[in-house]
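Me: I have not looked at this one before. Can you take me through it?

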Amino acid sequence: MATATPVLPKLIGERIKRREDPRLIQGLGTYVDDIKVTGMLHLAFKRCDIAHGKITKIDTSAAEKMDGVEAIYTGADIAKVLAPMPIGTPFPSPPHHAVAVDVVRYAGEPVAVVVASDRYLARDAADAIVVSYDPLPVVVDPEKAMEGKPGVIHKDFPNNLAVALVPSGTGVAPDFSKIDNTAVDKAFADAEVVISQRMVNHRLVPNAMEPRGVLAHWEPGKETMTIWSSTQNPHILKTMIAAMNGLGQHQVRAIAPEVGGGFGAKINIYAEEYVCSVISKKLGMPIKWIEDRSEAFVATTHGRDIIGYVDIAARKDGKVLGLKMRLIADIGAYNMLLTAAIPTLTMLMANGTYDIPAIRTTLTEVFTNKTPTDAYRGAGRPEATYFVERAMDMLARELKMDPAELRRRNFIKSNQFPYQTQMGAVYDSGDYEKTLDVALKAANWTGLIAERDKARKEGRLVGLGLAFYVEVCGLGPSSSLPTGGWEHGQVTIERDGRITATTGASPHGQGNETTFAQMLADQFSVPFEHVTILHGDTGIVKQGIGTFGSRSQAVAGTALHLAGVKVKKKMAQFAAAMLEASEDDIVFEDGMVGVKGAPAKSKPFAAIAGYAYVPVPLPQGMEPGLSDEAFFEPANNTYPFGCHISMLEIDRETGEPTLLKLIAVDDAGNLINPLIVEGQIHGGLAQGIGQAMIEEAVYNDEGQLMTGSFMDYAMPRASDFPRFELSATVTPTPCNPFGAKGVGEAGTLGSTPCIVSAAVDALSPLGVKHIDMMLRPEKLWRIIQGGRA
Amino acid sequence: MIPVAITVNGKVRKAHVEPRTLLVHFLREHLNLTGTHVGCDTSQCGACTVLVDGKSAKSCTIFAVQADGSSVTTIEGLAPEGKLHPVQQGFWEEHGLQCGYCTPGMIMSAVNLLQDNPSPNEKQIRDGISGNFCRCTGYQHIVNAIQHAAKHGGGKAVR
């Protein structure tokens, strides 16, 4: 692992106000739908309203007669110019046409496309298309689907198995050639207590506030494609659009303008992006498609949806001897870009923060007639955390042990890092006990227990929950990502001494224009205002991967820093020539470049920059100019961690749960901007709490999404939350020069299990040991009334 | 096509619109005032919130023809002289936004909230903005932003 000198604190570590904000608070940000290109046509999709069926007829005659309709294409038409969509994981995958051909496999799958002069008209025409189907059996329940019931969705995937039972953990050879169960069997044989529980980590709708949108513009004269899209990774988009249009990568420019949130659901390269590009190329006109919210509910990937059969084996003193997790992931109707890989992260992180000697996980991924899943904030790790933390909580309850004490007894100790887990991860650094102590103190844990017990005596249903998490972040060497796991940065000192830097990270709310400027301002000792960060445009940013997996600071930030190191060295050489000093004696201080011990010789930063561009005389062996780039490939992932504690009360009369307290102590290593970090944690907590308490994507037996709008899907509101109480511990990572681990997803990890555990604790006087999320009042009311969950 | 005359950010705008044209599309498509966003199609999310005759309203729930003769203030009209409104300033100071998509609507709702109640407590703020969704912030910094604005004259009238 590369270890570098820590960067001196100056702007780094400060709560700097975001420079993105002035434009956004004045309504001056430019999102995809705000962009107009002359001659632009509007595209709308006709989507199927059944979950599984054979298309028998598509009648476009009424739509064709509408004034202003430019073109209509069915799936068969599109298939002539667009191959089935590729995925980004090395798993087998059935053909997936951007617009369905012959068979539809989830409600909302596109069946035809309309191009018209006006958005309202395009929608009218799409509505006027009449599609007839022969219904096929609808597969909704993943555990029945695994037995091929009531039908098979893809003919080459018997029993709907997208990924058939992959084992991992203790005794499994990396190539699966050998599976030795001795250690796991012994752990369970030696156990004094075994807890077994089926748990459901249910399906969620990511719901970035900006629905997706695409504007594709093929310019026949130049033979270039410009595609604006609400995406988290324009460089991946560029690669895929080029490949699917038969173009060279030099012919495609992908732009992620202002992007209104992603949460993982804007990583995938979507049918709508491909379709807009091929139709623009076909018609030679700019084509815009903007997703409606109702459309987004079915057309944008969902998250989570994994069942875990969890067994945990322990001694009576609380020492965990073994863990088994049988995972069944309902991935919906198709594999998308990263779909198949998400549950593998659940396996990777199965042991959480614990030193468990024997672990067996198995994973089965199953097709159903639902919207496909893919990454959603946390992507595989909240699921792992939920399963292991709920199991630990159940174990503590069984052993009548304080849940904090049980965790303490099983933690990986601070002197065990770097720690090789049974699952194949190497945790970089950690001090879990310290963070637990800080959390217990911040929450006043013993005080909370007394408060809960007092409330209980009064007949109130009050409970406490505690969860610990560790997350894999900073994704993450190229061996783990088919796109490449590096990031790119370029730093240019302009002729006037201003700094322009480009990053392959593509922020959509993360504030990298601010945090990366803080870093570079410190690196060059120049004012913050003199540094500009550009991103999200492959015409400007030469190379990149994108923003996901809490990787921006750890990977993209480091790439920029390394590019800065190169430029700074060259600038020091120019300064040495100009100031007639040795390069080693050049110092950058407060916007000046000077010579150690000779302050009178100092010149403004801009003066050295100017000299580098008009180098008279040109120092021997040097090229003019000050610009350089770096690719950073991390040697390992980072593993941030933390402890979340909650207090929750359930109304005995109505079953309605109220979150009274949420205390979060997160350790993301060194922080560049604590204000932004807190914002990231708050947002993650809201999504984690949302999952535990109110959010759920519900399908009926016909495969219809019953929670397909904001009227039915409970998006968390401001009034749903108490004030979150945050604190931090700092355990730097050795993986990058900043010691920063990543924080974007952390909030979703601990919050969900700690709230469910609090609800179980609240109902424990009634003998409750586990409740599946989400905590619907009706469900809790039935438990209180003596019925079943 | 129906003729309408709507005062937007202090200036009378005349146009002929389809009867079904939503006010938000009139603002965005006809006037290029793209600061007002569309986040849903069921009037829940509040991203399209503007002030109509001084009161917050979801502009996806109003036809442009219904707004005929009204005075509309959008996010672009909140700081016409380039000096930020205290609510805008509060959002900047307190990191009240991340992706920025809900922000214009959230700010317009907060402006209306503070006009009705210049010094709300935290619960009143949380209830007051519960018609606006934010997926990024978890709302805590938005609450802080509105508290900041309340302390700095955020309740002053807009137009």
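Predicted model: local features only at pLDDT ≥ 70, side-chain atom pairs only at ≥ 80, totals over all residues.

Me: OK, how many helices and strands does chain B have?
Reply: Chain B has 5 helices and 5 strands, taken as DSSP runs numbered from the N terminus (helices: H or I, at least four residues; strands: E, at least two). Along the sequence the pattern is β-β-α-β-β-β-α-α-α-α.

Me: And what share of chain B is buried?
Reply: Of its 159 residues, 60% are buried, that is, 20 or more other C-beta atoms, placed from the backbone, lie within 10 Å of the residue's own.

Me: What box do the C-alpha atoms of chain B fill?
Reply: Roughly 45 × 30 × 25 Å, along the principal axes.

Me: Now the other chain. How many residues of chain B are in contact with chain A?
Reply: 43 residues of chain B are in contact with 43 residues of chain A; contact requires C-beta atoms, placed from the backbone, within 7 Å.

Me: Which helices of chain B supply that side?
Reply: H2 (86-93), H3 (103-116), H4 (122-128) and H5 (140-151) of chain B each supply at least two residues.

Me: Switching to chain A, why is H7 called largely enclosed?
Reply: Because 8 of the 11 residues of helix H7 (residues 234-244) of chain A are buried. Among them are A:Pro234, A:Ile236 and A:Met244.

Me: What covers the buried residues of H7(A)?
Reply: The cover includes strand E10 (224-229), strand E11 (252-255) and helix H8 (271-283) of chain A.

Me: What follows H7(A)?
Reply: A:Gly246, with a positive phi near 65°.

Me: Last topic: at what angle do H12 and H13 of chain A pack?
Reply: Helix H12 (residues 403-410) and helix H13 (residues 432-443) of chain A pack at about 165°, with axes 10 Å apart. That makes H12(A) roughly antiparallel to H13(A), a label for angles over 145 degrees. Axes are lines fitted to C-alpha atoms over the stretch in contact, and angles run from 0 to 180 degrees between N-to-C directions.

Me: Which residues meet there?
Reply: A:Ala404, A:Arg407 and A:Arg408 in H12(A) meet A:Glu433, A:Leu436 and A:Leu440 in H13(A).

Conventions
Residues numbered from 1 in each chain as written. Chains lettered and ligands numbered in written order. Parallel < 35°, antiparallel > 145°, perpendicular 65-115°, else oblique. Contact = placed C-beta atoms within 7 Å. Buried ≥ 20, exposed ≤ 12 C-beta atoms within 10 Å, placed from the backbone.
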